[in-house]
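Open the model in your viewer and keep the selection tool ready. The tour starts with the whole chain and then moves to single residues.

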Amino acid sequence: MLEILAITSPIYLVVLAGYLATRSGVFLRADMAIFGKFVLNLALPALIFNALAQRHISDVLHPTYLLAYLGGSVLAMTTAYLVGRRLCGWDRTRSTFLGMGVSCSNSSFIGYPILLLMVAPGSRRGAGTQCPHRKPAYVAAAARAGRERAR
């Protein structure tokens, strides 16, 4: 139990520090949009690039792992899409975004830091989780749903 707290507590302390800094007026609410742009457009891509650039390609690409990850993601997306369409009676666009929300893990923001703390730097496991291998499929699915809705 203490091992888990040792791994996760720094993450929650950083979140708490950000909350307190905003709440106490050190940062304005409007500043959060700038921080968000910085993180999404510069810091996160640099973090991912740095993590991948320091490893050999064979440490990053594990076909079995990537196929299992992709299969689980496609299964989750398909299941959620069908639940949205059939059980909830939603249109294609709303069901597509439900599927995307269910299958898009938050691995870059929470999973990645925990993974770095849990797995030794020389380890060959888990590095492939950060590959943005699914984003083109989601963008294509959303675009298709939007085109179909426009008809």
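Start with the contacts of the whole chain. Among those between residues at least 6 apart in sequence, 68% join residues at least 24 apart. Keep in mind that this is a predicted model.

Now color by secondary structure. The chain shows 7 helices and 0 strands. Along the sequence the pattern reads α-α-α-α-α-α-α. Switch to a surface view: the chain exposes about 10700 Å², and carbon and sulfur atoms supply 69% of that area. Of the 151 residues, 25% count as buried.

Next, select Leu 13, Leu 16, Tyr 19 and Leu 20. These residues form a nonpolar patch on the surface, with about 410 Å² of accessible area together. Zoom in on Tyr 19, which lies in helix α1, residues 2-23.

Move to helix α4, residues 63-87. This helix has 25 residues and reaches 35 Å from its first C-alpha to its last, close to the 36 Å expected at 1.5 Å a residue. Which residues of α4 are buried? Select Leu 66, Tyr 69, Ser 73, Met 77, Ala 80 and Gly 84. Then step just past α4 to Gly 89, where phi is positive, at about 70°.

Last stop: Ser 95, in helix α5, residues 92-103. Ser 95 is buried, with a relative accessible area of 0%. Show its contacts: leaving out residues up to four places away in sequence, Ser 95 touches Tyr 81, Gly 84, Arg 85 and Trp 90. Gly 84 is also one of the buried residues of α4.

Technical notes: Residues are numbered from 1 along each chain as its sequence is written. This is a predicted model: local features need pLDDT of at least 70, side-chain atom pairs count only at pLDDT 80 or more; totals for chains, interfaces and linings use all residues. Side-chain values use heavy atoms; hydrogens and water are left out. Patches are made of residues with over 30% relative accessible area and no salt bridge: like charges are joined within 9 Å, nonpolar side chains (Val, Leu, Ile, Met, Phe, Trp, Tyr) within 5 Å. Accessible areas come from the Shrake-Rupley method with a 1.4 Å probe; for residues, only the protein chains shown count as cover. A salt bridge is a side-chain nitrogen of Lys or Arg within 4 Å of a carboxyl oxygen of Asp or Glu. Helices (H or I, at least four residues) and strands (E, at least two) are DSSP runs, numbered from the N terminus. The expected span of a helix is 1.5 Å times one less than its number of residues. Buried means under 20% relative accessible area, exposed over 50%, partly exposed in between (1.4 Å probe, protein chains only). Contact means heavy atoms within 4.5 Å.
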